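Me: I am new to reading protein models. Could you take me through some features step by step?

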Amino acid sequence: VAVLSTALGTVLAWITARTDTPGKPVLENLFIVPTFLSPLIGATGWLMLGARNSGLINVYFRKWLGTTSYLINISSFGGMVWVMILFFTPVAYLYIVAALRSVDATIEEAARISGARFRQVLFGITLPAVTPAVLTGAIMVWVLAAEMFSVPGLLVGPTGIQPLAYKIYLAGRTYPPNHPLAAAAGIVLVLIAVLMLFAYRQITKIEGRYVTMGNKGAKPRVTRLGSWRWATFAFAWLYLTVAVILPYIAMTIGSFQGYLGAPLTAKSFTLSRWKYVLGADVAAALKNSIIVGILSGAVVVAMGAILAYILVRRKVKRSGVLDYVLSASIGIPGIAFGIGMIWAYVRTPMYGTVLILFLAFVTRYLPNGLRAASTGLLQISKDLEEGAALAGASAGRVLWDITVPMLKPVLFAAWALTTITVLRELSVSAILYTPQSRVISVLAWDYLETGQYGYACAVGLIQTALVIAILALARILFKIRLTGEQPD
């Protein structure tokens with residue numbers, strides 16, 4: 001998954017950053033759409049498309065060719081890898097596209113003047129210059145793929161292929177639960193993640209060796225592809241079709257089908273699933289998701305801003321060590337983090353309530369708020385704060401009247417991104433939930449585990465609508481962008 005996602009992400013990044021492919025502004029925004037969607041929802045969509053017996057692709061393959069065979073089987077090792085590649089490609093893309101835009105074009109121009117061909121410039125200068133970004137993207141995809149249990153559990157778990165993260169889930173949730181085994185396996189997964197994150201830090205240390213853009217670096221030249229630009233245009237839309245469009249079409253059909261694999265006729269459609277999922281179960285899960293998502297996002301941003309101000313502006317002793325400790329939770333795989341929360345709070349009144357989910361999300365995603373606020377503070381000149389202090393303003397007034405207003409766009413963006421992350425999160429929730437604290441992502445997983453795929457499709461569409469609503473709120477009400485120039 002890491003190798004193929006990074007390769008595909010590199011191609012898509014090159015298309016948007018360095019070519020004259022039509023519609024690039026639209027493509028740049030659409031390429032990152034899968035990062036806002038739940039991988040479980042994408043896997044559900046592909047299960048509707050590629051299930052061996054009832055998938056739409058196989059149903060029509062048999063119908064049109066008059067055969068009893070099948071074209072694809074998504075419930076296989078290859079199917080699992082395929083779905084995860086589609087979901088994680090945008091992660092690698094985001095790392096690589098920024099690096100491609102930063103390469104000093106004068107070096108490439110010098111090579112062309114010296115007689116180098118397009119292929120020599122691309123593979124001899126441009127791609128080697130972004131090697132750290134490519135390796136960083138691959139490592140981050142590797143870590144995220146290793147900790148994911150939902151896609152393997154849905155697609156290949158029943159066949160006996162059980163990656164480590166899914167084994168941890170089974171040990172923690174099946175009856176009787178084996179929490180010691182889950183904790184021991186969780187430690188192994190944490191050690192794997194730590195080793196890969198160590199490799200990431202080593203790569204960032206040597207990044208200076210690959211620097212090609214200085215203060216006077218020229219803007220990279222766009223490669224004129226001629227008639228080939230329509231080939232890259234088609235390739236980009238092919239990715240978007242298989243990663244987003246087809247799965248959601250299949251999920252929409254699945255939510256209205258009387259039974260999976262039924263012919264697409266007016267008689268095969270029903271509203272019964274929607275009537276059921278819009279009842280009490282979904283209402284309670286949706287309420288829990290909205291409350292936990294909004295509140296945990298707000299607390300993450302507030303705590304992150306306070307801690308960032310202390311670390312960046314006050315320069316406390318050992319601030320580097322403190323920053324590293326505060327950021328450590330984001331490197332712990334979610335499934336292992338959930339097991340740790342069980343051991344820490346199993347004998348407390350919080351266990352089994354929405355409160356433990358809230359605490360888990362705040363602890364796990366605090367680095368999001370800390371990183372966003374730290375980046376924003378570093379971009380704000382100290383002269384404004386020092387000028388207000390010299391004029392007699394107290395430290396609290398300087399913070400409230402000057403620093404916080406200038407940080408608002410960054411903080412709102414961090415809140416929106418954290419809230420979206422919580423709404424689509426499953427690894428921690430699936431370990432900690434009870435019937436009373438179930439959230440929308442867990443409800444979809446429960447339906448899938450019990451084979452109620454049509455109900456899962458309906459819940460997945462509701463979850464997606466909720467994420468889109470948060471994105472629209474952040475864009476329209478707060479006047480912020482979650483992509484492009486918005487700080488990380």
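Predicted model: local features only at pLDDT ≥ 70, side-chain atom pairs only at ≥ 80, totals over all residues.

Reply: Let us start with the cavities.

Me: How many cavities of 30 Å³ or more does a search of the whole structure find?

Reply: A cavity is a space where a 1.4 Å probe fits but cannot get out. Here the search finds five of 30 Å³ or more. The largest cavity holds about 130 Å³ of space.

Me: Which residues are closest to the centre of the largest cavity?

Reply: Its lining has 14 residues, and Pro 34, Ser 38, Gly 42, Phe 87 and Ala 243 are the closest to the centre.

Me: Which elements give two or more residues to that lining?

Reply: Three names to find: helix H4 (39–50), helix H6 (77–102) and helix H13 (229–256). H13 gives the most, with five residues.

Me: What classes of residue make up the lining of the largest cavity?

Reply: Twelve are nonpolar and two are polar. None is charged.

Me: Now a single residue. Is Thr 16 buried or exposed?

Reply: Buried means under 20% relative accessible area. Thr 16 has 2% relative accessibility, so it counts as buried. Thr 16 lies in helix H1, residues 2–18.

Me: What does the side chain of Thr 16 reach?

Reply: The side chain of Thr 16 reaches the backbone oxygen of Ala 13, at 3.2 Å.

Me: Which residues is Thr 16 in contact with, leaving aside neighbours within four places in sequence?

Reply: Contact means heavy atoms within 4.5 Å. For Thr 16, the list is Lys 24, Leu 27, Glu 28, Phe 31, Tyr 93, Val 97 and Arg 101.

Methods
Residues numbered from 1 in each chain as written. Heavy atoms only, no water. 1 Å grid on protein atoms, 1.4 Å probe; cavity = no way out; pocket = protein on both sides within 12 Å on 5 of 7 lines; lining within 4 Å. Points joined across faces, edges and corners; volume = space filled by probe spheres on them. Helix = DSSP H or I, 4+ residues; strand = E, 2+ residues; numbered from the N terminus. Nonpolar A, V, L, I, M, F, W, Y, C, P; charged D, E, K, R; others polar. Buried < 20%, exposed > 50% of the residue type's maximum accessible area, 1.4 Å probe, protein only. Polar contact = N/O pair within 3.5 Å; in protein donor to acceptor, adjacent residues only side chain to side chain.
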